[in-house]
Structure formats: C-alpha cells, structure tokens
Amino acid sequence: MTTTDLHWFKSSYSGDQGGNCVEVATCPHTVHVRDSKDLTVPAFAVSPTTWTSFVEFAAS
C-alpha cells in the first residue's frame, strides 16, 4: 500500500485559510502524517502508541 492509497483526513484544528494543515491516515500498525499544503514532502509514519502519546501531550 502506498500513501496515495490511504484514506487521509485533515486535523479538526486545520482551517481552510492555510496555516497549519496536517492530515493523518491510520492503518492497523501505523499512523501516517503529512503536510496537506505541500504533498511533495514525504509523509512520515509512527506507531499507534507513539501517535497516542503525541496527541495526549499536544492536548495538555
């Protein structure tokens, strides 16, 4: 599976006016993250545990 085959969704904190636009696609063992403003930059992938830790940290 390539990153173009994934179902990407935009962060609820990303607006339509530009700025911080993050998209995420989840798989059973990986969470893929990319910058929706510049799709030429490769996405990166982390484990679901790492992503959960990041989201918990960012929310605090």
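Helices (H or I, at least four residues) and strands (E, at least two) are DSSP runs, numbered from the N terminus.

**Figure 1. Overview of the chain.** From the N terminus on, the elements run β-β-β-β-α. That makes one helix and four strands. This is a predicted model, in which local features need pLDDT of at least 70, side-chain atom pairs count only at pLDDT 80 or more, and totals for chains, interfaces and linings use all residues. Residues are numbered from 1 along each chain as its sequence is written, and side-chain values use heavy atoms, with hydrogens and water left out. The accessible surface of the chain (Shrake-Rupley method, 1.4 Å probe; for residues, only the protein chains shown count as cover) comes to about 4600 Å². Carbon and sulfur atoms hold 58% of that surface. Of the 60 residues in the chain, 22% are buried. Buried means under 20% relative accessible area, exposed over 50%, and partly exposed in between (1.4 Å probe, protein chains only). A contact here means heavy atoms within 4.5 Å. Among contacts with a separation of 6 or more, 16% link residues 24 or more positions apart.

Figure 2. The strands form an open sheet in the order 1-2-3-4, with antiparallel pairing. Two strands pair if DSSP finds at least two bridges between them. Strands of a sheet pair through backbone hydrogen bonds, either parallel or antiparallel. The edges are strand 1 (9–10) and strand 4 (44–46), each of which pairs on one side only. Strand 1 is joined to strand 2 by two bridges, and the two run antiparallel. Here Phe9 stands opposite Val24 of strand 2. Val31 has Val46 of strand 4 as its bridge partner.

Figure 3. Val22 stands opposite Asp35 of strand 3. Ala25 faces His32 of strand 3 in the pairing. Strand 3 is mostly covered, with four of its five residues buried. Pro28 lies in the loop between strand 2 and strand 3. Pro28 is exposed, at 72% relative accessible area. The C-alpha atom of Pro28 is separated by 8.1 Å from that of Pro48, 20 residues apart along the chain.

Figure 4. A salt bridge is a side-chain nitrogen of Lys or Arg within 4 Å of a carboxyl oxygen of Asp or Glu. By this rule the count is two. Glu23 forms one of them with Arg34, with 2.7 Å between the closest N and O atoms. Glu23 lies in strand 2 (residues 22–26) and Arg34 in strand 3 (residues 31–35), so the pair ties together parts that are 11 residues apart in sequence. Glu23 counts as buried, at 13% relative accessibility. Asp35 and Lys37 meet through their side chains in a salt bridge of 3.2 Å, N to O. Asp35 is partly exposed, with a relative accessible area of 29%.

**Figure 5. Arg34 over the ring of Trp8.** A charge sits over a ring if NZ of Lys or CZ of Arg is within 6 Å of the ring centre and within 35 degrees of the ring normal. Arg34 lies over the face of Trp8, at 4.0 Å from the ring centre. The salt-bridge partner of Arg34 is Glu23.

Figure 6. Rings of Phe, Tyr and Trp (its six-membered ring) pair if their centres lie within 6.5 Å; planes under 30 degrees apart count as stacked, over 60 as edge-to-face and the rest as tilted. This rule gives one aromatic pair. Trp51 and Phe54 form a tilted pair, 5.3 Å centre to centre with 40° between the planes. The two are three residues apart in helix 1 (residues 48–59), and are therefore separated by about one helical turn. Trp51 is partly exposed, with a relative accessible area of 21%. Phe54 is also partly exposed, at 46%.
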